Amino acid sequence: MTFLHGKSTVVVTQSMALLPVRLKLIVILLLVCQLLCSTIAFGSVLDKDEEEFSEELLLKPLPDRKVLAHFHFESRAPPSISFGRHHHLFPKAISQLVKKFRVKEMELSFTQGRWRYEQWGGFDPISSNNAKPPGVELWAVFDVPQSQVDASWKNLTHALSGLFCASINFLESSTTYSAPEWAFRPDSGNLRYGTLPREAVCTENLTPWLKLLPCRDKAGLSALMDRPSIYRGFYHSQRLHLTATGSSSQEVDSGTVLEQTLTVVLQPISWITGKSYVDKANSQPSWSISSIFGRKVNGKCVLAKSSNVYLQFEKGLVGELKNLHKENANSETNKLASKDFLSYPSFELSVNPDKVFEEVDNLHSKSTSVLYEFSVEKYNDSHPLDLGLTWKIPVVWSCQQAPLHASRFLMGSGNERGAIAIYLKPTELSEGLKKSNIVDKSCELRVNVFQVVPWYIKVYYHTLQVFVNQQSRAVADVMEKIHVSPSKDKISPGVMEMILKLPCGLESAALNLEFDKGFLHIDEYPPDANQGFDIPAAIISYPDFHASMRFSEDGSLDKSPLFSKFQEKSLVLSYTEILLVPLTTPDFSMPYNVITITCTVFALYFGSLLNVLRKRVDEEERFLKSNAGRKTGRLSTLVSKLSAKLRGKPREPQPSTTASSSVSFKLIFKVLLVSGIAICWQYYFG
Amino acid sequence: MESKKEENRKKTSSFWVWAIASVIFRLILIYFPKNLNLSSRPEVSTPLTSLRRLAEGYWLKQSSMSPYAGSMYHGSPLLLSLLGPLTVKRMEGQPNHLLCSLLFVLADVVSAVLIRATGRKLQTAYSRSLKLLQLDSLSKSSENLSSGDVAALVYLWNPFTIVACVGLSTSPIENLAIILSLYGACTRLPSLAAFGWVVATHLSLYPAILIIPLIFLLGYGPDAPPRKLFVQRRNGKDGDNPSSGSSCLQEELFNQSKPPLTFSWKPVVQFLFWASVWSVYVLALCSLSVKQKGGLREMFKSTFGFILTVEDLSPNMGVLWYFFAEVFDFFRNFFSIVFHMNILFMIFPLAIRLNHRPCFLAFVYITISSLLKSYPSVGDSALYLGLLGLFVFELADMQFSFFLFCGYIGVSLLSPVMHNLWIWRGTGNANFYYATAMAFACFQIVLVVESASAMLNHDRKLRKLSVAKP
């Protein structure tokens with residue numbers, strides 16, 4: 001717009017050359033006033049209506065010699081008046097989705113691999129937001145009346161399924177999704193939650209995801225996403241988070257914030273071989289962007305408002321570095337007293353950072369995490385950014401962890417029944433809590449457990465047992481709140497939400513639930529029935545703990561979406577393992593056999609019982625008599641003839657012959673009658 | 001006479017010794033529930049009778065949810081309020097569900113006592129009617145052996161009954177209700193018979209068809225030889241010489257004991273009245289207990305609906321589970337109608353043919369329904385095998401009895417083996433277990449057919465004897 005204004009001023013000045021000088025001055029004054037007014041007015045409108053896009057990449061060395069790369073793309077569409085408006089940057093498909101299904105908030109994640117909470121951390125915003133269960137996880141909050149939520153959810157799953165080339169439409173069935181009340185998110189009204197644990201994630205899901213970015217993967221940070229190197233990683237989670245903001249009035253459509261993140265954990269191939277360390281196992285591999293992705297950053301996406309690469313050193317690492325530094329300083333010279341992290345001799349960055357931020361820690365711990373910012377704007381094709389980190393001495397540190405480490409496993413054998421156990425083990429953090437809170441006895445750790453179990457796992461909720469420090473405790477003592485909606489066969493899954501109150505000084509806690517395995521109809525088994533069925537991951541969260549990072553105040557930081565994400569108070573949560581339950585299978589090749597055999601048994605029952613009932617005494621006796629008569633007709637007549645001959649007496653006539661002859665006469669008469677009727681019929685009607 | 005009384009006393013005492021021995025045997029078994037693990041056997045506890053599911057339903061009810069909220073509990077809400085509190089109470093150092101087990105043992109003992117009383121009633125009535133027909137030789141041979149004692153002991157010592165009682169299934173209570181109704185009808189107590197019938201129907205639906213034998217029992221009195229014989233005899237007597245002294249006595253006897261000839265409507269009407277009263281009462285109680293959550297409609301849907309639609313496909317002794325696991329979905333309704341019609345189809349032929357023997361008719365009905373019901377268990381078999389003992393005299397000439405005995409033993413040994421192979425070891429497959437279920441069904445069919453034909457043959461024999469006698 002400013003450009004246009006400039007052009008008009010040029011035109012005006014050209015025309016003004018013809019006018020007298022006095023007039024000129026007046027006109028110029030007027031124009032300037034007008035321009036100023038208009039620019040102010042326009043500018044305000046523009047600020048409000050601007051669609052923004054920003055791209056960021058966070059790199060972080062992990063304690064187990066791996067590197068975390070976290071891409072964060074954020075598109076914002078402000079609230080707008082018109083309905084079918086065209087978007088400049090914001091993906092139209094998503095805005096249509098939001099409008100059509102009135103989505104208030106939604107999150108979809110495709111994940112492969114498992115986030116290792118012990119090694120990669122469980123207490124920072126990245127892990128609590130981006131560590132997801134394997135497969136697809138989708139949850140959405142709708143802004144529609146309670147009765148229409150399910151219909152909206154079903155439509156949404158189909159739309160997303162088409163959009164992301166994934167079988168999200170399987171979440172349409174009411175057996176796969178649930179409506180958690182409070183355990184999943186604290187204020188969830190019209191929330192629906194569903195997971196597909198066995199969904200395979202591949203490039204076909206990434207490509208449509210990239211299509212939502214204004215530069216796709218042609219320019220900017222997303223150009224780093226070399227498919228082989230991304231999918232080679234240990235963990236890969238592609239996430240899409242939607243939030244509708246702004247007014248809820250009828251005329252103005254709500255604004256939308258689309259947050260797309262890709263979190264990968266990669267193993268860098270160490271490319272420094274010259275130096276030999278004392279302890280090879282502890283040595284951190286040196287890496288650079290080009291070594292882990294195979295590409296370099298060739299400048300920013302032109303449409304992006306900001307484009308930055310960050311390198312984060314987390315708390316534990318910084319503390320360790322400081323210690324190392326102190327030792328070095330004591331032994332050698334004391335010249336490096338400054339707090340500048342750039343001057344640490346233990347590592348070396350290939351590019352000088354533009355800015356360094358330090359976390360403002362509200363928890364009084366000895367060290368804070370450090371963030372180096374590299375702005376991509378300075379770099380271009382001829383001068384690409386290739387950030388590298390070279391370690392000079394071996395470092396060992398550990399990540400900050402959630403209060404408890406949760407794991408879930410199955411117990412029992414056989415295909416009839418079993419038990420699900422959730423085992424909670426304290427980590428360093430809760431041990432620290434124990435020490436700090438040793439004074440007041442009433443220290444409690446609140447743990448929120450949310451678990452969805454498919455209907456064919458028939459959980460007996462009355463068998464819930466809680467063990468604290470390996471001793472059975474009454475459920476009421478430990479449970480603060482529990483909500484169970486038991487599964488209905490072929491209709492809905494079982495949902496269990498509960499808040500546990502655990503004592504701080506606990507050594508271990510375990511939950512135990514027994515279940516029976518269901519038997520399905522042959523059509524309900526998936527093609528690979530013998531592989532087993534997955535129970536989605538349970539979610540363990542800690543309502544008293546929030547992961548947030550605040551960095552030293554700086555004007556530029558407010559604008560960075562990643563930083564504002566870091567500053568948000570996010571619930572510390574962790575997903576447990578997905579359980580694989582083998583279910584008994586029937587013989588899939590048997591339907592016809594089973595139908596025929598069962599029906600035969602029924603026929604046997606019906607026929608034989610009816611036969612017994614039908615037999616009349618008289619009939620039977622007549623039958624027996626005629627049988628006897630027939631027997632005498634053959635054998636006994638012979639015998640009697642023989643005996644008569646032997647005795648030399650004339651044979652007595654059989655009494656039965658008359659009866660049999662009359663019977664045969666009747667029979668012949670009947671046969672003749674029937675044949676006569678048949679002949680007549682044939683003659684007249686044939 | 002003295003020696004006979006003495007003998008009777010001896011018999012009674014030996015009966016009680018055996019009964020007490022069976023109770024002690026049960027109590028011993030109850031103390032090792034973990035080792036036996038009977039409660040999880042599919043033959044013992046079906047989705048309808050499993051006490052574990054009842055405990056789950058009670059838990060749901062306690063946590064202010066409908067007991068039918070999950071697809072776990074499918075029994076009666078009354079049973080829930082009766083047995084539910086017992087499932088929660090635990091005594092230190094005692095096995096779980098001890099109180100429930102004791103209740104089931106009690107139910108078994110009461111059933112046995114009622115069977116014995118029913119048997120005695122039947123026997124006295126039968127010997128009287130035989131005397132009427134002047135077939136004293138038969139009645140004497142029947143008096144030597146008390147069929148009530150035999151039936152009660154068969155019921156108490158039948159491994160099926162013991163397993164059903166110790167294995168924490170609610171079938172002893174269902175059986176008790178059925179036996180109660182039969183006893184009530186035999187002793188001509190319409191209210192008791194109606195109560196038993198209503199409760200049994202409420203608990204497991206299939207006893208509803210017992211209304212026909214119950215009405216016959218109340219109308220005609222207990223089992224007797226075919227009524228035709230009495231008529232013939234009376235006519236014959238009238239024609240012979242009405243002035244003879246012995247025949248006068250007979251005549252008096254005839255006049256005294258009218259029941260076998262005429263249908264008395266009064267007890268039947270009373271029975272129907274009481275049945276309606278009890279059913280209203282039971283429904284009112286049910287609606288009270290499920291009022292807040294779902295109401296009666298949900299109750300019927302998840303009890304009777306669950307029975308009729310065969311929703312649970314877990315393996316059991318019946319023939320329907322595998323069929324419905326395999327059959328194509330669009331035939332499902334058709335076949336579930338056909339299979340249940342099979343029970344209904346046989347009601348009227350049997351009722352017409354065996355109307356003079358209502359107790360035996362009830363036995364046949366119970367056998368058929370336990371053969372064709374959607375979730376059969378050994379408890380049902382225990383009931384009809386116990387009732388079979390009531391007719392030990394009439395069915396003395398039954399064919400294939402040894403074959404059936406061996407078959408029952410073989411199936412009850414093979415079925416757990418096949419189940420183990422399929423479910424636990426994974427070396428067998430579903431067809432193995434299904435084959436034993438089929439075999440069991442065949443044996444049951446042979447039992448029904450042979451017992452019915454033996455009973456009809458017995459009638460024929462009686463007829464021949466009475467015709468042969470002047």
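Trainee: Which residues of α14(B) are buried?
Mentor: In this predicted model, the buried ones in α14(B) are B:Pro267, B:Val268, B:Phe271, B:Ala275, B:Val282, B:Cys286 and B:Ser289.

Trainee: And what covers them?
Mentor: The cover over the buried residues of α14(B) includes α3 (51-62), α4 (77-88), α10 (190-204), α11 (211-220) and α15 (295-309), which belong to chain B.

Trainee: How far apart are the end C-alpha atoms of that helix, and what should it span?
Mentor: Helix α14 of chain B runs over residues 265-289, so at 1.5 Å a residue its 25 residues should span 36 Å. The end C-alpha atoms are 36 Å apart, which agrees.

Trainee: You mentioned α4. I'm looking at B:Thr87, which sits in that helix of chain B. Buried or exposed?
Mentor: B:Thr87 counts as buried because its relative accessibility is 2%, and the cut-off for buried is under 20%.

Trainee: What does its polar side-chain atom have close by, then?
Mentor: A polar atom of the B:Thr87 side chain lies 2.5 Å from the backbone oxygen of B:Gly84. Leaving out residues up to four places away in sequence, B:Thr87 also touches B:Leu51, B:Leu54, B:Ala55, B:Tyr58, B:His97 and B:Cys100.

Trainee: Switching to backbone angles. What is the phi of B:Leu168?
Mentor: It's positive, about 55 degrees, although B:Leu168 is not a glycine. You'll find B:Leu168 in the loop between α8 (159-166) and α9 (171-186) of chain B.

Trainee: B:Phe400 has a positive phi too, about 60 degrees, and isn't a glycine either. Where is it?
Mentor: B:Phe400 is also in a loop of chain B, the one between α20 (378-388) and α21 (401-425).

Trainee: How much relative accessible area do those two residues have?
Mentor: B:Leu168 has 12%, so it is buried. B:Phe400 has 45%, so it is partly exposed.

Trainee: OK, nonpolar packing. Which residues in the largest nonpolar core touch the most other members?
Mentor: That core has 143 residues, and the ones touching the most other members are A:Leu609, B:Leu83, B:Phe324, B:Leu350, B:Tyr365, B:Ile368 and B:Tyr408. Helix α22 of chain B (residues 430-468) gives the largest share of this core, 15 residues.

Trainee: What is B:Tyr365 in contact with?
Mentor: Setting aside neighbours within four places in sequence, B:Tyr365 contacts B:Ile209, B:Leu210, B:Ile212, B:Pro213, B:Ile347, B:Leu350 and B:Ala351. Apart from this core lies another one of 78 residues, and A:Leu97, A:Leu224, A:Met225 and A:Leu311 are among them.

Trainee: Now the contact between the chains. How many residues does each one put in?
Mentor: Chain A contributes 50 residues and chain B contributes 61 residues. Between them the two chains bury about 5,200 Å², with 65% of that on carbon and sulfur atoms.

Trainee: Which three residues of chain A supply more of its buried area than any other three?
Mentor: A:Phe602, A:Tyr605 and A:Leu613, which supply 14% of the area chain A buries against chain B.

Trainee: Last topic, the three-stranded sheet in chain A. What's the strand order?
Mentor: The order is β9-β14-β11, in an open sheet with antiparallel pairing. The edge strands of chain A are β9 (287-288) and β11 (347-349), each pairing on one side only.

Trainee: How many bridges join β9(A) to β14?
Mentor: There are 2 bridges between β9(A) and β14 (residues 388-391) of chain A, and those strands run antiparallel. A:Ser288 stands opposite A:Gly388 in β14(A).

Note on methods. Residues numbered from 1 in each chain as written. Chains lettered and ligands numbered in written order. Predicted model: local features only at pLDDT ≥ 70, side-chain atom pairs only at ≥ 80, totals over all residues. Heavy atoms only, no water. Core = buried A, V, L, I, M, F, W, Y, C linked by side-chain atoms within 4.5 Å. Buried < 20%, exposed > 50% of the residue type's maximum accessible area, 1.4 Å probe, protein only. Helix = DSSP H or I, 4+ residues; strand = E, 2+ residues; numbered from the N terminus. Contact = heavy atoms within 4.5 Å. Pairing = 2+ DSSP bridges. Expected span 1.5 Å × (residues − 1). Polar contact = N/O pair within 3.5 Å; in protein donor to acceptor, adjacent residues only side chain to side chain. Buried area = accessible area lost by both parts, 1.4 Å probe.
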